[in-house]
Amino acid sequence: MKKIIKVVSIIAILFVGLLGTLILIGPSDVVVLSEEEENKQQQMQVEQFKDINLSGFKATDLNGNEVTSDIFSKNKLTMLNIWATWCGPCIEEMPEISTLYNELPTGTNVISICTDAGDDKESLDLAKDVMKKSNAKFKTLIPDKVLKNNLTKKIQVFPTTIFIDSEGKVVGSPHFGDPTAEGFKKSLDEHLKLLEENKNEKN
């Protein structure tokens, strides 16, 4: 009988403790940004990326092949998607980016950087699996020190998609909004137009 009472007492204490914890912490609230807050966050991202230069990196892709910043010089504009294996929205939009890649305008390219693919074999295998299931044929990089210091360490929002010119410099603002192939295509076209306008201004 004493054992039963002891067990019941322990259960009662644990229940009260759990209830107290729930009262103190409260239910998880979904954070919904107002339009003003969202605009402010987007402007912060614009400022964050505007002076970034990605020239000079020497990384590897998921299969261990070396990829340098020369990859940018082969196209007028490259869409660069930055993601992580623990990020649900990153994985959800990957098939859409894959669709875009198969329909790219002339002079453009898509590559991605998986920020945690170099952490361990499990993360690397997961990154490979994500790309395989998405039927993604574009290169996915494991960031080297240059990419980490100049880019991925600064990322606060996942996924983040930016646009890079042939010299490794960021063009315009990151992609905001529609995470579909059509949405990315529209953003790519807009950045191509901006790139052309910037070129004409210099001339």
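In this predicted model, strands β1 and β2, the latter spanning residues 66-68, run antiparallel to one another and are joined by 3 bridges. The two strands make a hairpin with 4 residues between them, and in its turn Gly 64 adopts a positive phi of about 85°. Within this pairing, Ala 59 has Val 67 of β2 as its bridge partner. Strand β1 also pairs with β5 (residues 140-142), again in the antiparallel sense, here over 2 bridges, and in β5 the bridge partner of Thr 60 is Ile 142.

The side chains of β1, which covers residues 58-61, can be sorted by face: Ala 59 and Asp 61 belong to the covered face, whereas Lys 58 and Thr 60 belong to the uncovered one. This can be set beside a general rule, namely that side chains in a regular strand alternate between the two faces of the sheet.

Is Val 67 buried or exposed? Its relative accessibility is 5%, and because buried means under 20%, Val 67 counts as buried. Leaving aside residues up to four places away in sequence, Val 67 touches Phe 57, Lys 58, Ala 59, Thr 60 and Asp 61, and also Lys 139 and Leu 141. The C-alpha atoms of Val 67 and Ile 142 are separated by 9.5 Å, although these residues are 75 apart along the chain.

Turning to the aromatic residues, the structure holds 3 aromatic pairs. In one of them, the ring centres of Tyr 101 and Phe 138 are 5.6 Å apart and the ring planes stand at 65°, so the pair is edge-to-face. Because Tyr 101 lies in helix α3 (residues 88-101) and Phe 138 in the loop between α4 and β5, the pair ties together parts that are 37 residues apart in sequence. The two partners can also be described by accessibility: Tyr 101 is partly exposed, with a relative accessible area of 26%, while Phe 138 is buried, with a relative accessible area of 5%.

From its first C-alpha to its last, α4 reaches 18 Å with its 13 residues, close to the 18 Å expected at 1.5 Å a residue. Which residues of α4 are buried? They are Ser 123, Leu 124, Ala 127, Val 130 and Met 131, and because they cover an arc of only 120° around the axis, they lie on the same side of α4. An α-helix has 3.6 residues a turn, so residues three or four places apart point the same way. The buried residues of α4 are covered by elements including β3, α3, β4 and β5, while the face turned away from the buried side carries the exposed residues Lys 121, Glu 122, Lys 132 and Lys 133. At the N-terminal end, Asp 120 caps α4, with a side-chain oxygen 3.2 Å from the backbone nitrogen of Glu 122; after the helix comes Asn 135, whose phi is positive, near 55°.

Helix α6 (residues 181-202) has 22 residues, which should span 32 Å at 1.5 Å a residue, and its end C-alpha atoms are 32 Å apart, in agreement with that expectation. Its buried residues are Ala 181, Gly 183, Phe 184, Ser 187, Leu 188, His 191, Leu 192 and Leu 195. These buried residues of α6 pack against β3 (77-83), α3, β4 (108-114) and β6 (160-165).

Key:
Residues numbered from 1 in each chain as written. Predicted model: local features only at pLDDT ≥ 70, side-chain atom pairs only at ≥ 80, totals over all residues. Heavy atoms only, no water. Buried < 20%, exposed > 50% of the residue type's maximum accessible area, 1.4 Å probe, protein only. Pairing = 2+ DSSP bridges. Contact = heavy atoms within 4.5 Å. Phe/Tyr/Trp six-rings, centres within 6.5 Å; stacked < 30°, edge-to-face > 60°. Expected span 1.5 Å × (residues − 1). Arc of directions from axis to C-beta. Polar contact = N/O pair within 3.5 Å; in protein donor to acceptor, adjacent residues only side chain to side chain.
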